[in-house]
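Hi,

Here is the structure I promised to pass on. Have a look, and my notes follow below.

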Amino acid sequence: MISQPYALAGVMGWPVAHSRSPILHNYWIEKYGLLGAYVQLPVAPGKLEAAIAGLPALGFKGCNITIPYKVDAIQFMHEVDANVRRMGAMNTIVVQPDGSLKGFNNDGFGYIQSLLDAKPDWRADTGPVTVLGAGGAARAVVLSLADRGAKEIRLINRTFDKAQALATEFGGPVKALPWSERHAALADVALLVNTTSQGMHGNPPLELTLDALPKHALVSDVIYVPLETLLLSAARQRGNATVNGLGMLLNQARPAFHAWFGVLPDITPELRRAIEATL
Ligand code: NAP
């Protein structure tokens with residue numbers, strides 16, 4: 001009898017206990033009747049290189065990389081995809097058939113899919129976009145919006161120099177504006193995105209006046225704890241369509257699961273409920 005090989009994957013970070021990825025991937029492993037597991041891989045500072053190097057020997061198909069290693073892990077890859085090179089950060093390792101390690105970044109894919117799931121006819125080129133924040137999440141969001149054809153991206157960050165540096169690096173449609181202009185920069189936008197940590201559980205809400213925002217604009221927040229930030233609830237109450245950050249989390253996981261377990265999994269209402277129950 002030929003037994004099905006046991007496939008292992010996990011999430012590597014420090015700490016990792018907060019990650020919803022084990023619930024997500026183990027749901028899919030069970031749903032598709034696969035033999036395997038997705039485990040927490042807490043890796044203490046200074047141990048990252050050894051932990052990554054051990055993946056093939058331990059029989060791992062790969063792992064996700066989370067805070068604080070999304071940048072540091074790149075140096076330990078044999079190969080990285082174009083998104084990792086352009087974003088300067090990675091979130092997925094896939095162990096190749098020859099045992100070498102390839103790094104991917106699926107956050108931008110996840111973000112765009114979350115908009116399309118909510119609004120299948122959404123397009124990036126229907127009007128200006130305002131993006132608040134210039135950290136890791138912003139890099140994925142801004143690059144993927146530019147790739148989808150956004151013609152004008154107003155990038156606004158509390159620390160202006162970081163927004164300016166990103167605008168210089170990415171070029172094209174990306175223009176940096178000072179934080180003080182964030183309210184006025186909502187005029188005539190088709191999409192507003194919050195990628196700052198403001199509004200996340202434990203942090204103060206984002207300070208933003210929505211008066212200039214057109215009612216037809218889509219408002220998205222990459223935060224998913226809570227599911228509806230004060231920004232999203234204010235936008236919803238004035239009539240704007242909104243998208244929370246859970247779809248980005250769920251969608252970035254799909255290509256990784258496919259690479260590790262050979263099945264491109266679906267995001268079902270049951271899966272959403274299972275994750276939402278933990279938020
Ligand atoms: P990060 O790299 O640390 O960036 C944090 C951003 O928030 C920076 O732009 C920072 O501005 C801004 N910020 C922090 N405190 C602020 C304040 N008091 N006022 C205004 N802006 C402030 O973090 P990240 O990795 O990009 O994550 C940002 C958020 O995205 C987190 O809530 C994270 O959970 C979420 N996220 C969600 C997903 C998903 O799958 N849904 C994926 C990745 C991240 P400065 O540059 O001025 O410090």
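There are 4 aromatic pairs in the structure (Phe, Tyr or Trp rings, with the six-membered ring used for Trp, whose centres lie within 6.5 Å; planes under 30 degrees apart are stacked, over 60 edge-to-face, the rest tilted). One of them is the tilted pair of Tyr38 and Trp260, at 6.0 Å centre to centre with 45° between the planes. Tyr38 sits in strand S2 (residues 36-42) and Trp260 in helix H8, so this pair joins parts of the chain 222 residues apart (helices, H or I, of at least four residues and strands, E, of at least two are DSSP runs numbered from the N terminus).

Bear in mind that this is a predicted model, where local features need pLDDT of at least 70, side-chain atom pairs need 80 or more, and totals for chains, interfaces and linings use all residues. Numbering runs from 1 along each chain as its sequence is written, and side-chain values use heavy atoms, with hydrogens and water left out.

Now the ligand. It is surrounded by 21 residues, and the closest are Ala137, Asn157, Thr159, Lys162 and Val222 (a heavy atom within 4 Å counts as near). By type, that shell has 9 nonpolar, 10 polar and 2 charged residues (Ala, Val, Leu, Ile, Met, Phe, Trp, Tyr, Cys and Pro are nonpolar, Asp, Glu, Lys and Arg charged, the others, Gly among them, polar).

Ligand oxygen atoms lie 2.8 Å from a polar side-chain atom of Lys162 and 2.9 Å from a side-chain N or O atom of Arg158.

Cheers

Definitions and conventions. Polar contact = N/O pair within 3.5 Å; in protein donor to acceptor, adjacent residues only side chain to side chain.
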